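Biologist: I am new to this structure and would like to learn how to read it. Please take one feature at a time, with the general idea before the case.

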Amino acid sequence: MTSDAPAAPALPFDLSTVMVAPTVAVPDVSNGIPVEWRVKRLSVAEATRAGLLSGVINAAVAQSQPGSAPDLAAAPGQVEALLRTIFEGGEKTVLAAVTGIRAQGAEAWTDCQIVPVGKGEDPAAGRLSILSVSVAGQIAIVKEAMSQAMEAVQSVSSFRPR
């Protein structure tokens with residue numbers, strides 16, 4: 001049986017070049033040792049399941065509403081609550097996204113999981129304390145892990161209701 005549908009045109013490049021990598025290596029210095037963390041790029045669904053996007057989604061939706069403007073005179077308690085949410089969200093992101101570690105320049109990854117302080121750290125089993133990741137490393141991990149999800153969420157704010 002033959003098909004009357006025309007053949008798809010050949011693309012002048014390999015489609016794999018436009019794919020988003022599912023993981024990325026984030027450099028850090030852990031306890032004085034240069035390492036790379038294998039970081040899973042979170043989709044909107046994964047970030048939402050981990051409880052990382054609720055505030056961001058609400059802000060994007062609010063921003064899309066006509067006549068909305070940020071309240072720059074927020075009470076100190078609101079600012080403190082916002083900062084606490086940001087820090088907790090960053091920690092949750094690191095816990096959800098790190099899947100491996102290797103020495104910088106090495107080829108092989110060692111699977112690992114980052115856990116909160118006092119919640120079952122066991123380097124032999126691949127469970128490392130969040131204190132193993134420097135503050136700069138945590139910020140870089142959050143940026144990389146959430147980049148894919150944040151791009152999708154940011155697109156929500158570009159829609160305006162009629």
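Modeller: We can start with a pair of side chains: K40 forms a salt bridge with E46, and their closest N and O atoms are 3.2 Å apart. The term means a side-chain nitrogen of Lys or Arg within 4 Å of a carboxyl oxygen of Asp or Glu. Side chains of opposite charge can pair when their charged atoms come close. This is a predicted model: local features need pLDDT of at least 70, side-chain atom pairs count only at pLDDT 80 or more, and totals for chains, interfaces and linings use all residues. Residues are numbered from 1 along each chain as its sequence is written, and side-chain values use heavy atoms, with hydrogens and water left out.

Biologist: How many salt bridges does a search of the whole structure find?

Modeller: The search finds five. One of them joins D111 to R38, with the closest N and O atoms 2.6 Å apart. D111 belongs to strand 4 and R38 to strand 2, so this pair ties together parts that are 73 residues apart in sequence. Another is formed by the side chains of E144 and R41, at 3.3 Å from N to O. That pair also links distant parts of the chain, 103 residues apart: E144 is in helix 4, and R41 is in the loop between strand 2 and helix 1 (44-49).

Biologist: How do I read the helices and strands along the sequence?

Modeller: Helices (H or I, at least four residues) and strands (E, at least two) are DSSP runs, numbered from the N terminus. The protein has four helices and six strands. Along the sequence they follow the pattern β-β-α-α-α-β-β-β-β-α.

Biologist: In what order do the strands of the open sheet stand?

Modeller: Two strands pair if DSSP finds at least two bridges between them. Here an open sheet of four strands has the order 1-2-3-4, with antiparallel pairing. Strand 1 and strand 4 (110-111) are at the edges with a single partner strand each, so one side of each is left without a neighbour in the sheet. Strand 1 and strand 2 run antiparallel and are joined by eight bridges; V29 stands opposite P34 in strand 2. These two strands form a hairpin with two residues between them, and N31 in the turn has a positive phi of about 50°. Strand 2 also pairs with strand 3 in the antiparallel sense, over five bridges. There, E36 stands opposite R102 in strand 3.

Biologist: How many residues are in the largest nonpolar core?

Modeller: A nonpolar core is a set of buried Ala, Val, Leu, Ile, Met, Phe, Trp, Tyr and Cys residues joined through side-chain atoms within 4.5 Å. The largest one has 22 residues, and those with the most contacts inside it are W37, V39, A47, V94, V98, I114 and I141. Two or more residues come from each of strand 1 (23-30), strand 2 (33-40), helix 3 (76-97), strand 3 (98-103) and helix 4 (135-156). Helix 4 gives the most, with four residues.

Biologist: What does V94 touch?

Modeller: Not counting residues up to four places away in sequence, V94 touches I114, I130, V133, Q138, I141 and V142.

Notes: Buried < 20%, exposed > 50% of the residue type's maximum accessible area, 1.4 Å probe, protein only. Contact = heavy atoms within 4.5 Å.
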